[in-house]
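Thanks for making the time this morning.

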Amino acid sequence: MEQNLKGKNILVTGASRGIGRAVSRAVAGAGANVILTARSEDALSDLKKEILSSGGRAEYITADLESEKEIQDLFSKIGENYSGLDVLINNAGIARAGELVDCPIRDFNMLMNVNLKAVYLCCKHALKMMIAAGSGYIINISSVVGIKGYANQAAYSASKHGVVGLSKALADEVQKYGIRVSLIHPGGVDTDLVKGTRPDLDSSLLLKPEDIAQAVLYLLSLSPRAMVDEIYIRRSLGKPF
Ligand SMILES: NC(=O)c1ccc[n+]([C@@H]2O[C@H](COP(=O)([O-])OP(=O)(O)OC[C@H]3O[C@@H](n4cnc5c(N)ncnc54)[C@H](OP(=O)(O)O)[C@@H]3O)[C@@H](O)[C@H]2O)c1
């Protein structure tokens, strides 16, 4: 896909591996200044080096998105070091598998904090910059589990349904500022997250992180006149509709 994101400041959460890593490489490849964040400094540093060595622009800021303070610090650093934020990609996420009766409340709290509350807070901080600029794009990575229900994933599913509700309301709320909010609902991508929760799935039959990165690039390629609210992207071997 021919694309020019030159000069765009794009924050990718969960950039250290999986989908976030592929998205970061893709937007950097299209010319963006990518701001990588996650907890794993070594992985972020390696990705930054890789992007720089292929002629791209990248910086990283570590943050634990469970912490409101670290989210605040992340955006303070962005405010100090960048002219603004053009795109926020809320991708970081965690999953837990197991029946609800056995699910410890600390797992529920952690899922809600990382998958939903951090998305809410990152949107809040990013919007302050975007509203001032009169433009911006927020892409929230939900899941097919944010639309459907799957056994053994009640807390994860609740967090992703929350992301869907948040995104729909926010899209309506901030359109007047020239800010767009879209959702991507992936299903079955070959990453550590799936290996941990669905070890039964044959990884060769799953989507690759690069497939989700392509969907992100597609959204970012649209003119401000055009709006795609959501992309539901699943394995072509799965059941249609
Ligand atoms: N894989 C799938 O099939 C699939 C399907 C639908 C939706 N999704 C969604 O896609 C997104 C990415 O998932 P993935 O499959 O790429 O998972 P992954 O490979 O496990 O990567 C998750 C990313 O989130 C970051 N992260 C986790 N907890 C964090 C925390 N407390 N603070 C900051 N960063 C944190 C991780 O970085 P650190 O550990 O370095 O902090 C990592 O970069 C998630 O929102 C997931 O729900 C995935």
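In what order do the elements of the chain run from the N terminus on? They run β-α-β-α-β-α-β-α-β-α-β-α-α-β, with 7 helices and 7 strands in the chain, where helices (H or I, at least four residues) and strands (E, at least two) are DSSP runs numbered from the N terminus. Keep in mind that this is a predicted model, in which local features need pLDDT of at least 70 and side-chain atom pairs count only at pLDDT 80 or more, while totals for chains, interfaces and linings use all residues. Residues are numbered from 1 along each chain as its sequence is written, and side-chain values use heavy atoms, with hydrogens and water left out.

On overall dimensions, the C-alpha trace spans about 50 × 40 × 35 Å along its principal axes. Of the 241 residues, 49% count as buried, meaning under 20% relative accessible area with a 1.4 Å probe and protein chains only. Among contacts (heavy atoms within 4.5 Å) with a separation of 6 or more, 68% come from residues 24 or more positions apart.

Turning to the cysteines, a search of the whole structure finds 0 disulfides, a disulfide being a pair of cysteine sulfur atoms within 2.5 Å. For Cys122, the nearest cysteine sulfur is that of Cys123, 7.3 Å away, and from the side of Cys123 that separation is too far for a bond. Cys122 counts as buried because its relative accessibility is 0%, and Cys123 is likewise buried, with a relative accessible area of 2%.

Terms used
Buried < 20%, exposed > 50% of the residue type's maximum accessible area, 1.4 Å probe, protein only.
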